[in-house]
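Please find below my notes on the model under review.

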Amino acid sequence: GKKHQEAVRVKIKQISTPPNTKKFKKHNLVIKCKLCDVTCISQKKYNDHCSHRSHQALIQAYVKIGRVVPEPEIIHDQQDNIQEKIAVIQESGTPAVGREFMSAKTVKDCDDNVVDVYFCSLCKVNCSSEVQVERHVRSKKHYLIYVKVTQPEVDIQVNAAEH
């Protein structure tokens, strides 16, 4: 009935409210929504995620069937984790080529934090972290375009969908 629907609405509102993250430094804040398995790199992005229709639908589904909605995980110091991820990528054995086509620029993100963004002028690809740069310079697409540009005598076809 109406009482039950109101109770469900109240419960959804409580669950949907983003966690209090004021005690963490903004530039280190990373929040993982365990419900959707989504990682957000700022409070604003997490708030946006929480207000998204698919997140709300999952919450409603969990509440209706009586399941406990998992709490988000707040990760506040990512620097060690980033270095570990880069080390794993570097140990993969895939060669990194074309770093000279990568450029870095410091900008402010949506929360006014100063962050580095990276751009590959070869592939016209933006990377938002050092981990993405490592993955990109070791990717098949980047390698094929690199070979095509630096060794034009080699006949390599790059799919238009990839480039």
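1. Of the 163 residues in the protein chain, 30% are buried, that is, under 20% relative accessible area with a 1.4 Å probe, protein chains only. The model is predicted: local features require pLDDT of at least 70, side-chain atom pairs count only at pLDDT 80 or more, and totals for chains, interfaces and linings use all residues. Residues are numbered from 1 along each chain as its sequence is written, and side-chain values use heavy atoms, with hydrogens and water left out.

2. Among contacts (heavy atoms within 4.5 Å) with a separation of 6 or more, 51% join residues 24 or more positions apart.

3. The protein chain holds 6 helices and 6 strands, in the order α-β-β-α-α-β-α-β-β-β-α-α. Both are DSSP runs numbered from the N terminus: helices are H or I with at least four residues, strands E with at least two.

4. Strands S4 (residues 102-108) and S5 (residues 114-120) run antiparallel and are joined by 7 bridges; pairing requires at least two DSSP bridges between two strands. Met102 has Cys120 of S5 as its bridge partner.

5. S5 also pairs with S6 (residues 125-127), in the antiparallel sense, over 3 bridges. Asn126 in S6 lies opposite Phe119. The S5–S6 hairpin has 4 residues between its strands, and Lys124 in the turn has a positive phi of about 60 degrees.

Definitions and conventions. Buried < 20%, exposed > 50% of the residue type's maximum accessible area, 1.4 Å probe, protein only.
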